[in-house]
Amino acid sequence: MIRAENATSITASFDDIYLGNSYNDVIPVTAADIAKYLPVREKFEYTAGAGIVGNGDASNGWGGPWELTGGVAQNIADKQISNDNILRSTTGNSLFMNNPAGETRLTRPLSQTYEDNGLTYWLSYFGEFNSADGGDTFLAMLINNDTETMGASGPGGQFAASGKWNGAYEFGVGKFSGGFAKNVTALTEDGTHWLVMSVETTGDADADTLRLFLDPNPGAEPQNGDEVAKFWSTRLNDGWKAIGIKNAPGNLESYIDDIYLAIDYRDVVPEDLVVID
């Protein structure tokens, strides 16, 4: 029997209810081992004015430092990102992305592969976007090859991307592998946002799903249906080995901070956010 009383604010899911004569009898026969993933955090607390390339090391879920896999190098800025939509501000430094003359492809490898194993992964970051009315892009993404050149002319691979896409004030999620595809929502002006992408894996050959939650409540996990963009594809099934940043040339200027990756929503909420009065 399952019983709930006065539980109007509780959501629960149940599966694999077993009754047996021994411990082995109640172990689901379809249970699969999954990796235990540490939360991965990039706070860009490097020297202001210095380049991002070469910063970071192989610790705390990372497999190594930031690498420039193509295009123009970018610098660390003494800049906090203040988000009036959720009344929170980041602390410390951020990464400034400004490419009037060329593109940038940055990659930082993860210490282990985030497998397509039935888990849901969360990727979040804060961004301030200026001059976002053009066709230039800023995308933070999970990628499946930590040495791969990101972009239409690069080799085949897998990318799950969230951010500002190639349309005026377009924010959403999408992929590059097997052809460019996206799902976006069009905003009306520049601004600062907290972008949270969920990556729902199936553990098999079925399509995995990306959802973008724009400025969700940091204190409450967003629910399916709250997303501003949703995308699914079988081209997202190979796992994830690195985090990448792609910026296309144009007038767009972006400040980025607090890139977090974890298997729980609460672990992609930066712990040092400052409440805005």
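Before I list any neighbours, a reminder to myself: two strands count as paired if DSSP finds at least two bridges between them. I also note that this is a predicted model.

**Entry 1: the sheet**

I looked up β11 and β12 to begin with. They pair in the antiparallel sense, over six bridges.

Then I wanted the whole sheet. What is the order of its strands? I read it as β2-β7-β16-β9-β10-β11-β12, an open sheet of seven strands with antiparallel pairing. The edges are β2 (67–71) and β12 (181–186), each of which pairs on one side only. From one strand to the next, the twist averages 20°.

Next I went to β10, which covers residues 159–164. Six of the six residues of β10 are buried, so the strand is largely enclosed by the rest of the structure.

On one side I found β9 (residues 138–143), running antiparallel to β10 and joined to it by six bridges. I143 has F159 in β10 as its bridge partner.

I also checked β10 against β11 (residues 170–175), and this antiparallel pair has five bridges. K164 stands opposite F171 in β11. The two strands form a hairpin with five residues between them. In that hairpin I noted Y169, which takes a positive phi near 55°.

**Entry 2: S233**

I moved on to S233, which I found in strand β15 (residues 229–233). Buried or exposed? Its relative accessibility is 9%, so S233 counts as buried. Which residues does S233 touch, leaving aside neighbours within four places in sequence? I wrote down K175, A207 and D208.

**Entry 3: the largest pocket**

Last, I looked for pockets. The largest has a volume of about 170 Å³. I went through its lining, and among the residues there are P39, R41, E42, K43, F44, E45 and Y46. D57, S59, N60, W62 and R108 also line this pocket. How does the lining split by class? I get four nonpolar, two polar and six charged residues.

Notes. Residues numbered from 1 in each chain as written. Predicted model: local features only at pLDDT ≥ 70, side-chain atom pairs only at ≥ 80, totals over all residues. Heavy atoms only, no water. Helix = DSSP H or I, 4+ residues; strand = E, 2+ residues; numbered from the N terminus. Buried < 20%, exposed > 50% of the residue type's maximum accessible area, 1.4 Å probe, protein only. Contact = heavy atoms within 4.5 Å. 1 Å grid on protein atoms, 1.4 Å probe; cavity = no way out; pocket = protein on both sides within 12 Å on 5 of 7 lines; lining within 4 Å. Points joined across faces, edges and corners; volume = space filled by probe spheres on them. Nonpolar A, V, L, I, M, F, W, Y, C, P; charged D, E, K, R; others polar. Axes fitted to C-alpha atoms, helices over the stretch in contact; angles between N-to-C directions.
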